[in-house]
Amino acid sequence: MIEVSNLTKKYGDHIAVDHLSFRVEKGQIYGFLGPNGAGKTTTMNILTGYLAATEGTVTIDGRDIQKEPEAAKRNIGYLPELPPLYTEMTVQEYLAFAAELKKVPKKERAKQIGEVMEMTQITDMKNRLIKNLSKGYRQRVGLAQAILGYPEVIILDEPTVGLDPKQIIEIRDLIRRLGENHTIILSSHILSEVSAVCDHIMIIAHGKLVASDSPEGLQRLMSGAMELKLTVKGDEKRLQEALAQVANVDHMEQLEAQKDGSVRIKIVSKENTDIREEVFYALADARLPIMEMTHLEKSLEDIFLELTEDAKASEPAKKRLFAGKGRPKRKKEEPKEDIKENQAEEADSASEAQKEGK
């Protein structure tokens, strides 16, 4: 559906997007993650044709966004981080204006506007001026504008900013429903939201794509050795002897002894081996009851931090960016002697004019 190839965007010496390539398949919800300044918004602006790339191409449904902008943009609905609203219009007037801009057929406009207002739950606000709406409702109006025309691709940049918890849940449900018939690219800093909604996650750092996989695939990729946290009833020495019989246990760390005679430990496997069954039977044979066993998995937050911290910036150092751009030089002042000479000349001219007047 969307093919991004070797995409690069430079601002002088600064590289905002660095030879980015990825493919977005039809009917999927993609999460687009990255720290502030990673190049997410710049990439989205290029995808929508708002910005031109320095290098590379973006094709949407086989149409180049730069060479065939009008045809490509028909397939895109876009909600920027700051919704492009005309605050002096009512909600219904604004959506009618947006529908006209998108060339929605006249016969279908009223029906579509009613449907998108119902989807985003702003029907009750249709006659209110946008300037009198709360931030959350303005965000909903921007989302309704993006859905109008029912484009193939809907790009949402921080769609839940400013919404209360109830509204966030409602918008998440709406995004899931839209994902049944549309391809969605969702940018968000709320990682739990991305994990809950998205089928596929792309992580960008310093303008480069550092990971692209399903949430489960990313966890498998980054998990490495399996870690188990156990609470076992018995003494530590017998526990160590029993676990020494498990071939795939790499090492054990005692966390804390409990007052009830049990021990809390962490076990790390060799490589990426599932050792839960082996551990269970080894401890059962030693008559060491397992009171609790927890598989410690990396969260999306852990994966995000690890990948974005490891990525190296390809941009020049800040001192290079701002080199030679100090304060503007002051205009050179005239020497004081020259100023005195000019004042004396002006005084002589004035006295001569008075004599001629007499």
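Strand β1 covers residues 2–11, and strand β2 covers residues 14–24. The two run antiparallel, and 7 bridges join them. Together β1 and β2 form a hairpin, with 2 residues between the strands. Look there for Gly-12, which takes a positive phi near 65 degrees. As you follow the strands, keep one rule in mind. In a regular strand, side chains alternate between the two faces of the sheet.

Now step back to the whole chain. This is a predicted model. The chain has 358 residues. It holds 13 helices and 14 strands. Of the residues, 41% count as buried. The chain exposes about 20,900 Å². Carbon and sulfur atoms supply 48% of that area. Next, consider the contacts with a separation of 6 or more. Residues 24 or more positions apart account for 69% of them.

What lies inside? The largest nonpolar core has 44 residues. Val-91, Leu-95, Val-141, Leu-156, Ile-175, Ile-184 and Ile-203 have the most contacts inside this core. Take Val-91 as a guide. Set aside its neighbours within four places in sequence. Val-91 is then in contact with Met-117, Ile-122, Met-125, Lys-126, Arg-128, Ile-130, Leu-133 and Val-141.

Move on to strand β13, residues 262–269, where you will find Lys-266. Is Lys-266 buried or exposed? Its relative accessible area is 18%. The cut-off for buried is under 20%, so Lys-266 counts as buried. Which residues does Lys-266 touch? The list is Glu-227, Leu-228, Lys-229, His-251, Met-252, Glu-253, Leu-255 and Leu-296.

The mean pLDDT of the chain is 81, and 83% of its residues reach 70 or more. Confidence is highest in helix α3, residues 91–101, at a mean of 95. It is lowest in helix α12, residues 318–321, at a mean of 38. Over residues 313–337 the pLDDT is below 50. Beyond near neighbours in sequence, this stretch has 15 contacts in the model. Where pLDDT is low, the predicted coordinates should not be read in detail.

Conventions:
Residues are numbered from 1 along each chain as its sequence is written. This is a predicted model: local features need pLDDT of at least 70, side-chain atom pairs count only at pLDDT 80 or more; totals for chains, interfaces and linings use all residues. Side-chain values use heavy atoms; hydrogens and water are left out. pLDDT is the predictor's confidence in each residue, from 0 to 100. Helices (H or I, at least four residues) and strands (E, at least two) are DSSP runs, numbered from the N terminus. Contact means heavy atoms within 4.5 Å. A nonpolar core is a set of buried Ala, Val, Leu, Ile, Met, Phe, Trp, Tyr and Cys residues joined through side-chain atoms within 4.5 Å. Buried means under 20% relative accessible area, exposed over 50%, partly exposed in between (1.4 Å probe, protein chains only). Two strands pair if DSSP finds at least two bridges between them. Accessible areas come from the Shrake-Rupley method with a 1.4 Å probe; for residues, only the protein chains shown count as cover.
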